[in-house]
Amino acid sequence: MVTDTRVTASGTRGSETVAWVLRLILLPLVLLAAVTLGVGWLITRPLHAEVAGEVAVNQGLAEDRTPLFNTLTHFGSMLSDTPVIIVLTAIAAIAFRLVFKRWRESIFIILSVWTQSAVFLLATVFIQRPRPTVHHLDPAPPTSSFPSGHTSAAVGFYCGMALVLALHTHRHTVLKVLWWVLGIAAPLIVGISRLYRGMHHLTDVSWGLVLGFVCVAVVGHAILGTPLIPGRGSGREAARNPRAAAA
């Protein structure tokens, strides 16, 4: 009888976990992927003539290139190169586990980066948007131009880091502001660098920012048990969501 009770309890917990994952993570991401594909379709099909005007942005930046900004944007773009993001995410996940003595923050930063990558890769399969018709300062990756994976990955990692650090320093306003300034500045630097270097259109970068922020918000709410705004209701949400607060 005891065994049956344990099996039943285990099955109930398993069902609750599946329902929780579907409701808080998978369903929002499926919706985000559908919206991303819809936006990409609009940009490359019915609105193509309207957004074609943004090529002037790339051309203007290409005409004003200088050796100094070529170098600066090279390093700015490197902030979100795939190997860099993978290594930084691994380091952050290990550091969070060692410092906080639990997995919650580690799982969050990994999923924050992984979810935007999953939606980005799906979009590049179906939205084959050519890159801007200017000289590219970087080798063009095999993925299409929409959306900017560099930009969304930068948001996923750097804003994800800012959220974790802000939550753990919520009593120090100066530190919270500092984390968010740095966390938001990095994706903006990456996005501007990608535009300058002729690798993406303005709408590619813009949607990359949206994609990254939504993933951080969705995963942050599900795993950290808190809204995106740091220091607001984290304890209350964690109390209602014991899985999110699990060590």
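**Ground rules.** I number residues from 1 along each chain as its sequence is written, and side-chain values use heavy atoms, with hydrogens and water left out. Because the model is predicted, local features need pLDDT of at least 70 and side-chain atom pairs count only at pLDDT 80 or more, while totals for chains, interfaces and linings use all residues.

**Helix α9.** I noted that α9, with 23 residues, spans 32 Å from its first C-alpha to its last, close to the 33 Å expected, the expected span being 1.5 Å times one less than the number of residues. Gly225 follows α9 and has a positive phi, near 65°.

**Largest pocket.** I used a 1 Å grid over the protein atoms alone, on which a pocket is an open set of points where a 1.4 Å probe fits, with protein on both sides within 12 Å along at least five of seven lines, and lining residues have an atom within 4 Å of a point. The lining of the largest pocket has 25 residues, and Thr82, Ser117, Phe120, Gly149 and Ala153 lie nearest the centre. I saw that α6 gives the most to this lining, with seven residues.

**Loop between α6 and α7.** Ser148 lies in this loop, and I record Ser148 as buried because its relative accessibility is 0%, buried meaning under 20% relative accessible area and exposed over 50%, with a 1.4 Å probe and protein chains only. Ser148 and Gly208 are 60 residues apart in sequence, yet their C-alpha atoms are 4.9 Å apart in space. Pro147 lies in this loop too, and a cis peptide bond joins Phe146 and Pro147, with omega about -10°.

**Loop between α5 and α6.** Here I found Lys101, which is not a glycine but has a positive phi of about 60°. Lys101 is exposed, with a relative accessible area of 63%.

Technical notes. Helix = DSSP H or I, 4+ residues; strand = E, 2+ residues; numbered from the N terminus.
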